[in-house]
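Here's a quick briefing for anyone opening this structure for the first time. Take a look at the model, then read on.

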Amino acid sequence: MPLVAQGVADLFNFVDYSKPSLAQHRTKFLTGAFGGNAQVACYFLAATIFGLGLVRDFLYERALRDQPSHPLLEGTNVKYAAYALLALGNTFVITSTLRLGITGTFLGDYFGILMDGIVTGFPFNVTSAPMYYGSTMSFLGTALLYGKPAGLLLTAWVLFVYIVAIQFENPFTAEIYAKRDRERAKAAGTGKKEL
């Protein structure tokens, strides 16, 4: 049962922040709930997403604990691979958060809090979704560290959920920035005509 709970938690974690984020972008309901302060509303969403992530990670560890190990996943080389995946995955997650800041990491663009430009430095020069792939590497590293085949299945599920998320988020975010660029170009064109 903990394995099923973990799978549901992974899906819920994605759906839980995606639906309110889209609604926030369209209706500004969270910003309104915080007296029109988009920054505070975004930080609230960030705390919610972070908290749900902690619950998800707790459920993942509990789900693995209750599953059988497999001898092929208990060797020394597997442990080294596990530590390498955990180190690289956490490096991707932490450095992308440092590059983007809290509002850049936790959907600030849905609140109208936009970055000046596309971030291209590490880890974004390695992958366009370092948070998702770094998190997936951490799940895989944990599964290998515990030697649990069920963890490999849950990692595959996490990766699937993240890939689906990317298919929705990337075009949506690109449109937010394209709209801003169109508005800037229009404003620049209007300004030139007035001179």
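You'll find Leu145 in helix α5. Before going further, note that this is a predicted model, where local features need pLDDT of at least 70, side-chain atom pairs count only at pLDDT 80 or more, and totals for chains, interfaces and linings use all residues. Residues are numbered from 1 along each chain as its sequence is written, and side-chain values use heavy atoms, with hydrogens and water left out.

**The overall picture**

- The protein has 6 helices and 0 strands; both are DSSP runs numbered from the N terminus, with helices being H or I of at least four residues and strands being E of at least two.
- Reading from the N terminus, the elements go α-α-α-α-α-α.
- Of the 195 residues in the protein, 38% are buried.
- Take the contacts in the protein with a separation of 6 or more: 81% of them involve residues 24 or more positions apart. A contact here means heavy atoms within 4.5 Å.

**Helices α4 and α5 side by side**

- Helix α4 covers residues 76-105 and helix α5 covers residues 130-146; they pack at an angle of about 155 degrees, with axes 7 Å apart. The axes are lines fitted to C-alpha atoms, for helices over the stretch in contact, and the angles run from 0 to 180 degrees between N-to-C directions.
- That angle makes α4 roughly antiparallel to α5, a label for angles over 145 degrees, while under 35 is roughly parallel, 65 to 115 roughly perpendicular and the rest oblique.
- Sorted by class, the contact of α4 with α5 has 16 nonpolar, 10 polar and 1 charged residues. Nonpolar covers Ala, Val, Leu, Ile, Met, Phe, Trp, Tyr, Cys and Pro; charged covers Asp, Glu, Lys and Arg; the others, Gly among them, are polar.

- Leu145 and Ala81 sit 64 residues apart in sequence, yet their C-alpha atoms are 8.4 Å apart in space.
- Thr136 is in helix α5 too, and counts as buried at 9% relative accessibility.
- Leaving out residues up to four places away in sequence, Thr136 touches Thr155, Val158, Leu159 and Tyr162.

**Salt bridges**

- Side chains of opposite charge can pair when their charged atoms come close.
- How many salt bridges are there? The count comes to 5, where a salt bridge is a side-chain nitrogen of Lys or Arg within 4 Å of a carboxyl oxygen of Asp or Glu.
- Glu61 forms one with Arg65, and the closest N and O atoms are 2.9 Å apart. The two are 4 residues apart in helix α3 (residues 38-65), so about one helical turn separates Glu61 and Arg65.
- Is Glu61 buried or exposed? At 19% relative accessibility, Glu61 counts as buried, whereas Arg65 is partly exposed at 45%.
- Arg182 and Glu175 meet in a salt bridge at 2.6 Å, N to O. Arg182 is partly exposed at 47%, and Glu175 is partly exposed at 40%.
- Asp181 and Arg180 also meet in a salt bridge, at 3.6 Å from N to O. Arg180 counts as buried at 13% relative accessibility, while Asp181 is partly exposed at 40%.
- Elsewhere, salt bridges that share partners link Glu61, Arg62 and Arg65 into one network.

Terms used
Buried means under 20% relative accessible area, exposed over 50%, partly exposed in between (1.4 Å probe, protein chains only).
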